[in-house]
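Subject: Structure handover

Hi,

My notes on it follow below.

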Amino acid sequence: MARAFIGFGGNIGDTGQLITDAIVCLALPSELQILEKSCFYQSVPVEATGGDYINAVIEVETELTPYGLLHVCQTIEQEFGRERHYTNAPRTFDLDILSFEGVIQNETE
């Protein structure tokens, strides 16, 4: 089992509810266990347009590989209507793997 941290954020629509719902979805796979959840916090966009972001982070323990966890995160983003119009575009919802125990990844795509 590896520990990972996943960041959530968005600045279009009811982001707080979307984050809450996505955390519920992440708790469903048997290969993932949510250990801790942060509070929501608000931040201004950096090098981006749109309103303030609502953000949160969770810590998980997982049997998945980093790419397996990425697939789960991207599937949830798609289920919630994530669109990737351009870099730093305003978004309804975004999931990012911030850290995965024992892995250093330098690829951007």
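Start with Asp 52. Asp 52 is partly exposed, as its relative accessible area is 35%. (Buried means under 20% relative accessible area, exposed over 50%, partly exposed in between, with a 1.4 Å probe and protein chains only.) The residue sits in the loop between β3 and β4. Helices (H or I, at least four residues) and strands (E, at least two) are DSSP runs, numbered from the N terminus.

Two notes on provenance. This is a predicted model, where local features need pLDDT of at least 70 and side-chain atom pairs count only at pLDDT 80 or more, while totals for chains, interfaces and linings use all residues. Residues are numbered from 1 along each chain as its sequence is written, and side-chain values use heavy atoms, with hydrogens and water left out.

Setting aside neighbours within four places in sequence, Asp 52 is in contact (heavy atoms within 4.5 Å) with Gly 10, Asn 11, Gln 42, Ser 43, Val 44 and Pro 45. Asp 52 and Tyr 41 are 11 residues apart in sequence, and their C-alpha atoms are 10.0 Å apart in space. Glu 47 is also found in the loop between β3 and β4. Glu 47 counts as exposed, at 72% relative accessibility. Check its backbone: Glu 47 has a positive phi of about 55°, yet is not a glycine. Most residues other than glycine have a negative phi.

**Strand β4**

How many residues of β4 are buried? The count is 8 of 10, so β4 is largely enclosed by the rest of the structure. Strands count as paired if DSSP finds at least two bridges between them. β4 runs antiparallel to β1, with 9 bridges joining them. Strand β2 (residues 32-37) pairs with β4 over 5 bridges, again in the antiparallel sense. Strand β3 (residues 41-43) is antiparallel to β4 too, with 3 bridges. Thr 62 in β4 is the bridge partner of Ala 2. Thr 62 is also the bridge partner of Leu 32. Tyr 41 has Asn 55 as its bridge partner in β4.

**The second largest pocket**

Its volume is about 380 Å³. Of the 26 lining residues, the closest to the centre are Tyr 53, Asn 55, Arg 91, Asp 94 and Asp 96. β1 (2-10), β4 (53-62) and β5 (94-100) each supply at least two residues of the lining.

The method: on a 1 Å grid over the protein atoms alone, a cavity is a set of points where a 1.4 Å probe fits but cannot get out; a pocket is an open set with protein on both sides within 12 Å along at least five of seven lines; lining residues have an atom within 4 Å of a point. Grid points are joined across faces, edges and corners, and a volume is the space filled by probe spheres set on the points.

Is Glu 77 buried or exposed? Glu 77 is buried, with a relative accessible area of 2%. Glu 77 belongs to helix α2 (residues 66-79). Beyond four places in sequence, the contacts of Glu 77 are Arg 82, Arg 84, Phe 93, Asp 94 and Leu 95. Glu 77 and Asp 94 are 17 residues apart in sequence but 6.4 Å apart in space, C-alpha to C-alpha. With the same exclusion, the contacts of Phe 93 include Phe 8, Leu 18, Ile 76 and Glu 77.

Regards
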